[in-house]
Amino acid sequence: MQTISGKIIEQQDITKETYELIIETQESIQFLPGQFVMLSFKDAPTEKRAYSILRIQQEGKQIHFGIREEKNMSKQLRAATKETEVEIQGPMGRFILKEEENELILVAAGIGITPVLCILHELEKRNWKKRIHLFYSSSREENAAYLEEIKRIELKEFSLKLFLTKEEGEDSSGKIYGRRMNIEDIQKKIKNIENTEIYLCGPVQLVTDIKTAILATGIPRKQLHSEEFYSRS
Ligand SMILES: Cc1cc2nc3c(=O)[nH]c(=O)nc-3n(C[C@H](O)[C@H](O)[C@H](O)COP(=O)(O)OP(=O)(O)OC[C@H]3O[C@@H](n4cnc5c(N)ncnc54)[C@H](O)[C@@H]3O)c2cc1C
């Protein structure tokens, strides 16, 4: 597996809790949308964390991550000065878009939106014609990272349902307040099981719960793709 050196060039606030980290790399990186890398500081190479690739620009030499500030590495990366040297291992991971054009259900919770957004931009590039439905869960609308970018996505058959688990309001077709998404919400959007692929990303517990519920409905395992954002411990 390749290890590439890079340096931090910028951190931009996205919401109160999340920021975009931009790293310039010495070599260009080839990746498949949905994949992640292992990131470490050059002076502490054994302390690594996985981060999904949000986008890669500048002919593969500028890599962007969407990161939620949590405890150790995610805070240190936010606080690091420009030019801080880092190491990137990868890309890796099998949470990637299949080639065949099927109907898609995308489910993202919290910062689990990062690989899903990358996949959405890939769908835009491929000019995907089939239905795509995104379920996105966040505590509050102001904490929903990249919401404006998602709304600007140009896909003909794309719809979004936002779950604002800690906010009160009147439910509408696009927004549900005060609860988490559940299997019934997802089932309502599946028109034809055989032609539907489901991509699911977020915290371990939520992904496990939804995955179990989806499989119990009879969706074949090969049509379910998931990424769990577990932490090191
Ligand atoms: C494939 C993959 C992709 C990922 N992509 C992203 C991404 O795009 N964006 C993103 O923000 N994150 C992503 N993550 C999560 C990321 O790798 C880190 O886990 C996250 O940034 C937290 O790291 P940290 O060092 O800040 O916190 P950590 O020190 O790892 O702590 C994380 C959490 O665990 C708890 N914890 C830590 N140590 C202990 C302990 N000993 N006992 C009990 N609880 C403990 C902390 O309270 C904290 O809530 C991804 C994870 C995976 C596996």
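Modeller: The shell around the ligand has 24 residues, and those that come nearest are Ala50, Asn72, Met73, Ser74 and Ser231. A residue is near a molecule if its C-beta atom, placed from the backbone, lies within 6 Å of it. This is a predicted model: local features need pLDDT of at least 70, side-chain atom pairs count only at pLDDT 80 or more, and totals for chains, interfaces and linings use all residues. Residues are numbered from 1 along each chain as its sequence is written.

By residue type, the shell holds nine nonpolar, eight polar and seven charged residues. Here Ala, Val, Leu, Ile, Met, Phe, Trp, Tyr, Cys and Pro count as nonpolar, Asp, Glu, Lys and Arg as charged, and the others, Gly among them, as polar.

At least two shell residues come from each of β4 (49-52), β6 (62-68) and α1 (73-79). Helices (H or I, at least four residues) and strands (E, at least two) are DSSP runs, numbered from the N terminus. The protein chain has five helices and 13 strands in total.

Domain 1 (3-92) and domain 2 (103-228) each give at least three residues to the shell; such bounds come from an automatic or database domain assignment. The C-alpha centres of the two domains are 24 Å apart. Between them, 13 residues of domain 1 are in contact with 13 residues of domain 2, where contact requires C-beta atoms, placed from the backbone, within 7 Å. On the side of domain 1 that touches domain 2, four residues are nonpolar, five polar and four charged.

Next, the sheet. Six strands make up an open sheet with parallel pairing, in the order β11-β10-β9-β8-β12-β13. Two strands pair if DSSP finds at least two bridges between them. The edge strands are β11 (175-177) and β13 (224-228); each has a single partner strand, so one side of each has no neighbour in the sheet. From one strand to the next the twist averages 10 degrees, with axes fitted as lines to C-alpha atoms (for helices over the stretch in contact) and angles running from 0 to 180 degrees between N-to-C directions. Within this sheet, β9 (residues 132-138) and β10 (residues 158-164) are joined by seven bridges in the parallel sense. Phe135 has Lys161 in β10 as its bridge partner.

Finally, the overall extent. Along the principal axes, the C-alpha atoms of the protein chain fill a box of roughly 50 × 40 × 35 Å.

Definitions and conventions. Two residues are in contact if their C-beta atoms, placed from the backbone, lie within 7 Å.
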